[in-house]
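Please read the following note with the sequence and the structure at hand. It is written as numbered points, each of which can be checked by eye.

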Amino acid sequence: MQEKEWAAAACLGDEDAFYKLVSSQKRKLFGIAHSYLKNEADALDAVQEAVCRAWIKCRKLRDPDAFVPWLIRILINCCHDELKYRKRTWPHPAEAAQEKTEMISVYKLDLELALERLKPKYRDVLMLKYYQDMTLTEISRVLQRPEGTVKTWLHQGLKQVREHIRKGGDGYAREV
């Protein structure tokens, strides 16, 4: 109940209510950003950008009850923007993954490569469902799509991930 009140006040321009509402969601927001960007600094930047965009546009939000899903959607868009920027300026994700100094399981690398190859709509659903443990109803609210569409995207995304993993990924040669 408190979040609804904060959201209503934030949409009227109350900075304190906006701060409390965003603070109550900070772990979730960081987790979502980190699951997309795989980097703490970039995830923090994306959260900061999303909060800034939300504050600027907050007064235009028609339904204060939808504040949190709306904020998550803004964050996902910020993450997509960063990933597009990386594609234009950085080496291929498989090359970047090989440059990491930490040890990564081959299976985790397979999964990450498979997720990177998915269409954004499938990747969004899988990330929110399995990395953030959101329900299909919550995901449909965040993505502003019918629940049936979200279920279809989840099914198609899982199917494509399985296919990529079965093939072993084309990004690198597997040692058997």
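1. Basis of the note. This is a predicted model, in which local features need pLDDT of at least 70 and side-chain atom pairs count only at pLDDT 80 or more, while totals for chains, interfaces and linings use all residues. Residues are numbered from 1 along each chain as its sequence is written, and side-chain values use heavy atoms, with hydrogens and water left out.

2. The chain as a whole. The chain holds 10 helices and zero strands; helices (H or I, at least four residues) and strands (E, at least two) are DSSP runs, numbered from the N terminus. Read from the N terminus, the order of elements is α-α-α-α-α-α-α-α-α-α. Of the 176 residues, 39% count as buried, where buried means under 20% relative accessible area, exposed over 50%, and partly exposed in between (1.4 Å probe, protein chains only). Of the contacts between residues at least 6 apart in sequence, 66% join residues at least 24 apart; a contact means heavy atoms within 4.5 Å.

3. Helix 1 and helix 2. The axes of helix 1 (residues 2–11) and helix 2 (residues 15–24) are 8 Å apart, and the packing angle is about 135°. Axes are lines fitted to C-alpha atoms, for helices over the stretch in contact, and angles run from 0 to 180 degrees between N-to-C directions. The angle makes helix 1 oblique to helix 2; angles under 35 degrees count as roughly parallel, over 145 as roughly antiparallel, 65 to 115 as roughly perpendicular and the rest as oblique. The contact is formed by Glu-3, Trp-6, Ala-7, Ala-9 and Ala-10 of helix 1 with Ala-17, Phe-18, Lys-20, Leu-21 and Ser-24 of helix 2.

4. Helix 3 and helix 4. Here the axes of helix 3 (residues 26–37) and helix 4 (residues 40–57) come within 8 Å and cross at roughly 125°, which makes helix 3 oblique to helix 4. Helix 3 contributes Leu-29, Phe-30, Ala-33, His-34 and Leu-37 to the contact, and helix 4 contributes Glu-40, Asp-42, Ala-43, Leu-44, Ala-46 and Val-47.

5. Lys-38 lies in the loop between helix 3 and helix 4. Its phi is near 60°, a positive value in a residue other than glycine. Lys-38 is partly exposed, with a relative accessible area of 31%.

6. Helix 9. Which residues of helix 9 (residues 136–143) are buried? They are Leu-136, Ile-139, Ser-140, Val-142 and Leu-143. Seen down the axis of helix 9, these residues fall within an arc of 160°, so they line one face of the helix; the arc is that of the directions from the helix axis to the C-beta atoms. As background, an α-helix has 3.6 residues a turn, so residues three or four places apart point the same way. The cover over the buried residues of helix 9 includes helix 5 (67–89), helix 8 (120–131) and helix 10 (147–167).

7. Gln-144 is found in the loop between helix 9 and helix 10. Phi of Gln-144 is near 55°, a positive value in a residue other than glycine. Is Gln-144 buried or exposed? Gln-144 is exposed, with a relative accessible area of 59%.
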